[in-house]
Amino acid sequence: MSTALVRGLQILEHMAAHPDGYPLAQLASELDIPLSACHRLLADLQQRGYVRQARAHGDYLLTTKLASLGLGYLSNVGMVDIAEPLLDRLAQTSGELVRLSLVDGERLTWVAKSQGMRKGLRYDPDMGMDARLSCTASGHAWLLTMSDERAMEMVSRQGFGTPEDYGPRAPTTVKALLGYLHAARVRGYAMIDEVFAPGMTAMAAPVYQRKEVIGVISIAGPKLRLTLERMHALAEPLLATAAELGPISNASALFGGPPLGKG
């Protein structure tokens with residue numbers, strides 16, 4: 001892979017996590033790219049419509065073009081359309097935020113959500129972001145399907161993250177994380193309490209196509225409302241939704257079906 005391509009992708013990935021924008025010098029410094037080369041790459045990306053400047057000689061920001069490409073891709077492969085009625089139904093049952101994340105290689109990416117009693121699938125700021133495997137219910141639901149060794153290998157590559165960025169009970173050691181995973185395997189679904197964020201709880205279950213894990217469905221909400229007892233009560237509809245989505249995902253081009261509108 002060419003150096004320019006690698007650096008261009010680094011810029012896009014780095015800027016995606018900082019929606020307020022970056023001055024040229026800071027971006028070049030943080031990515032260890034020579035200032036002149038970084039400026040050329042940003043100029044190329046700006047010409048192609050992927051970045052813009054907030055003002056003349058100001059900070060660089062991503063445009064919506066990259067997001068549009070991703071959303072267009074998901075629309076074309078049909079997975080969001082397939083999942084929508086199932087996520088809406090679970091959101092209405094739970095009254096909470098329901099999200100779908102998909103496995104892509106060694107990444108678990110949030111792609112769609114349905115919120116409470118409101119109809120229709122909506123995208124939020126987490127859409128398109130990778131789940132933190134060590135401290136999200138979605139991450140735990142994926143990891144519980146692996147051996148301890150494989151799960152820890154995945155987490156070590158991504159890292160535990162910075163403790164202050166997550167909830168007070170976020171695991172920061174292998175031993176602590178394995179405790180969560182072992183309990184999740186016994187239940188068949190993951191469950192966290194103030195792990196990803198203070199005052200928040202969540203639960204999640206893996207979605208299988210045949211014997212392969214292709215994604216995760218999660219339910220999340222405030223701890224005062226989504227109590228541990230409430231999560232246990234929602235386990236059956238969560239697992240049923242995951243079990244229903246797996247077989248029908250065959251219709252998506254993402255998992256071997258024909259492109260939307262061609263089958």
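Author: Buried means under 20% relative accessible area, exposed means over 50%, and partly exposed is in between (1.4 Å probe, protein chains only). What you see above is a predicted model, so to speak: local features need pLDDT of at least 70, side-chain atom pairs count only at pLDDT 80 or more, and totals for chains, interfaces and linings use all residues. Residues are numbered from 1 along each chain as its sequence is written, and side-chain values use heavy atoms, with hydrogens and water left out.

Reader: Quick overview, then: how many helices and strands are in the protein chain?

Author: The chain has 263 residues, and buried ones make up 45% of them. Helices (H or I, at least four residues) and strands (E, at least two) are DSSP runs, numbered from the N terminus. On that count, the protein chain has 9 helices and 8 strands.

Reader: What is the mean pLDDT of the protein chain?

Author: pLDDT is the predictor's confidence in each residue, from 0 to 100. In this chain 84% of the residues reach 70 or more, and the mean is 85.

Reader: And how many contacts beyond four places in sequence does the model have for residues 257-263?

Author: Where pLDDT is low, the predicted coordinates should not be read in detail. Residues 119-125 stay under 50, with 21 contacts (heavy atoms within 4.5 Å) beyond four places in sequence. Residues 257-263 also stay under 50, and for them the contacts beyond four places in sequence come to 12.

Reader: Which exposed residues does the face of H8 turned away from its buried side carry?

Author: H8 covers residues 174-187, and its buried residues are Leu-177, Leu-178, Leu-181 and Ala-184. These cover an arc of only 125° around the axis, which puts them on the same side of H8. The face turned away carries Lys-175 and Val-186.

Reader: What do the buried residues of H8 pack against?

Author: Take Leu-181, which touches His-140, Leu-143, Leu-144, Ala-151 and Met-152, not counting residues up to four places away in sequence. The buried residues of H8 pack against helix H6 (137-143), helix H7 (148-158) and strand E6 (190-193).

Reader: How many residues does the second, separate core have?

Author: A nonpolar core is a set of buried Ala, Val, Leu, Ile, Met, Phe, Trp, Tyr and Cys residues joined through side-chain atoms within 4.5 Å. The largest one has 30 residues, and Leu-108, Leu-133, Trp-142, Leu-143 and Leu-181 have the most contacts inside it. Strand E4 (107-115), H6, H7, H8, E6, E7 and E8 each supply at least two residues of that core. The second core is separate and includes Ala-83, Val-111, Val-207 and Ile-219; its residue count is 26.

Reader: Which backbone nitrogen does the side chain of Ser-94 reach?

Author: Ser-94 sits in helix H5 (residues 79-94), and it counts as buried because its relative accessibility is 6%. Beyond four places in sequence, Ser-94 touches Ile-219, Arg-230 and Leu-234. At 3.2 Å, its side chain reaches the backbone nitrogen of Glu-96.

Reader: Is Thr-136 buried or exposed?

Author: Thr-136 lies in the loop between strand E5 (121-122) and H6. Leaving aside neighbours within four places in sequence, Thr-136 is in contact with Trp-110, Ala-131, Ile-192 and Phe-196. Its side chain reaches the backbone nitrogen of Gly-139 at 2.9 Å. With 3% relative accessibility, Thr-136 counts as buried.

Terms used: Expected span 1.5 Å × (residues − 1). Arc of directions from axis to C-beta. Polar contact = N/O pair within 3.5 Å; in protein donor to acceptor, adjacent residues only side chain to side chain.
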